[in-house]
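Me: I would like to learn how to read the layout of a chain. Could you walk me through it?

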Amino acid sequence: MGWRLISLGLLIGAWYAGSQLAGERLLPGPRAVALALLDEAESGALAFNLGATLARVAAAFVIAMALGSVIGIVMGRSPIANRLGDPWLIVLLNLPALVIIVLAYIWAGLTETAAVGAVALNKLPVATVTVREGARSLDMGLDEMAYVFRMRSWTRMRHIVLPQLAPYLAAAARSGLSLVWKIVLIVELLGRPNGVGFEIGVAFQLFDVTRILAYALAFVAVMLAVETLLVQPLERHIARWRLRPA
Amino acid sequence: MAAGGSLHVLGELAFGLRSGEVAALVGPSGCGKTTLLRIIAGLDRDFEGSVFLPAKGRLGMVFQEPRLLGWRTVEQNVRLAAPRASDTELAGLFEMLELTAHRNHYPGELSLGLARRVALARAFAVNPDLLLLDEPFVSLDAELALRLREELAELVNRRSPMTLLVTHNLDEAIGLADRILFLSPSPARILAEIPVASPRETQAPERTAALRAEIARRLKL
């Protein structure tokens with residue numbers, strides 16, 4: 001804990017020094033940004049925009065993880081599904097986020113559905129590829145054991161398949177979450193009337209660097225909170241049987 | 001086969017088991033004993049012929065590796081295979097196999113001998129009509145293997161499932177089986193069928209020696 005505080009202190013120190021060197025116009029100091037942050041918080045705008053962004057992140061993440069995992073499992077277990085779906089997967093994987101977002105807005109209009117859908121579509125292939133690998137490396141020996149003991153499909157899914165997929169699902173969630181954070185901001189910038197991305201876009205046009213940094217800071221704080229309070233405990237829970245000494 | 005070729009592991013074979021009977025399959029490595037067991041269990045469909053299983057057909061199998069779920073406790077592993085087993089039944093089974101102290105341990109915390117015991121408990125917990133055992137005590141030290149063999153004999157005596165035991169240990173076969181089937185090297189055929197008269201695990205050493213001599217004689221034919 002002590003080292004983290006020192007590190008943080010050094011960061012703020014470097015920030016302050018930087019703002020003195022580059023000038024307050026290009027790089028506002030910590031105090032100016034903190035004031036701007038408080039301003040936004042008081043007016044309620046911070047909470048509103050952060051809330052909007054978080055809601056989009058949650059929606060896109062859930063859709064992409066759910067669909068992506070199911071498709072990944074199917075493609076991992078069925079060679080035919082894999083041969084059919086692989087070309088589409090590769091295209092989606094390599095299509096730039098910008099192209100997907102812009103086309104979504106053009107074809108579906110500047111709507112919330114298009115926004116969340118575009119983000120989900122960006123993340124889905126990442127989840128699929130990871131979970132597919134997990135589905136491919138399932139232990140056949142355990143499948144056979146389940147067959148011999150006539151275990152029901154639900155039992156197999158819950159006690160045999162999902163625990164083996166857990167590390168792959170965790171990896172997909174991890175990389176997926178960080179991807180979704182970034183793309184949601186772009187989607188908001190390009191076609192939404194609210195959210196952190198939108199605010200940053202407006203501040204950019206007004207050359208209000210203080211505001212940009214204020215929102216960036218708030219955003220990072222929320223991300224770190226989600227990481228510490230949600231993601232890490234979940235990862236520890238999934239890996240608990242491995243931590244036991246042999 | 002993995003490289004794309006095909007291998008005829010088994011030749012022409014036919015045999016049957018009576019209810020409550022224990023048969024041992026003994027043969028050299030690679031002759032197809034495991035393949036035969038897998039065919040009977042329904043895990044290998046690539047064969048010509050037919051397999052007739054008992055009517056109710058509850059199957060219990062002990063594989064060469066324990067094949068336990070590492071992320072579930074010993075007790076959960078057994079219960080998942082045998083959801084209908086009662087608490088008392090399981091308690092008795094665990095006690096007989098000296099697993100009571102390990103009920104809440106994970107397979108990663110167990111030695112191989114203990115893991116093999118859990119696999120045994122799982123196979124018996126379902127109260128099988130047909131019990132298949134694939135070299136269940138291989139790679140255990142002699143003393144432990146003997147102890148487990150005695151525990152298995154006791155379980156088999158109590159529950160009397162139709163049992164097929166694959167082993168390359170002749171003493172094990174003599175100790176446990178009512179009938180020993182000797183297989184030739186691959187492609188396997190049955191070389192000889194030798195009945196074992198005495199009850200399980202109570203043979204005097206002289207009887208065992210006499211039986212071994214008879215086996216040696218028959219196999220030279």
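Reply: Here is a short tour of chain B, from its domains to one helix pair. This is a predicted model, in which local features need pLDDT of at least 70, side-chain atom pairs count only at pLDDT 80 or more, and totals for chains, interfaces and linings use all residues. Residues are numbered from 1 along each chain as its sequence is written, while chains are lettered from A and ligands numbered from 1 in the order in which they are written.

Me: Which domains make up chain B?

Reply: Domain bounds come from an automatic or database domain assignment. Here, domain 1 covers 19-46 + 53-58 + 128-221 and domain 2 covers 68-127. Their centres, taken over C-alpha atoms, are 23 Å apart.

Me: How many residues of each domain are in contact?

Reply: A contact means that two C-beta atoms, placed from the backbone, lie within 7 Å. By that test, 13 residues of domain 1 of chain B meet 11 residues of domain 2 of chain B. Helix H5 (residues 142-159) of chain B gives the most to the domain 1 side, with 7 residues. Helices (H or I, at least four residues) and strands (E, at least two) are DSSP runs, numbered from the N terminus.

Me: At what angle do the axes of H4(B) and H5(B) cross?

Reply: Axes are lines fitted to C-alpha atoms, for helices over the stretch in contact, and angles run from 0 to 180 degrees between N-to-C directions. The axes of helix H4 (residues 112-125) of chain B and H5(B) cross at roughly 10° and come within 12 Å. Angles under 35 degrees count as roughly parallel, so H4(B) and H5(B) are roughly parallel to each other. Among the residues making this contact are Leu120(B) of H4(B) and Leu148(B) of H5(B).

Definitions and conventions:
Parallel < 35°, antiparallel > 145°, perpendicular 65-115°, else oblique.
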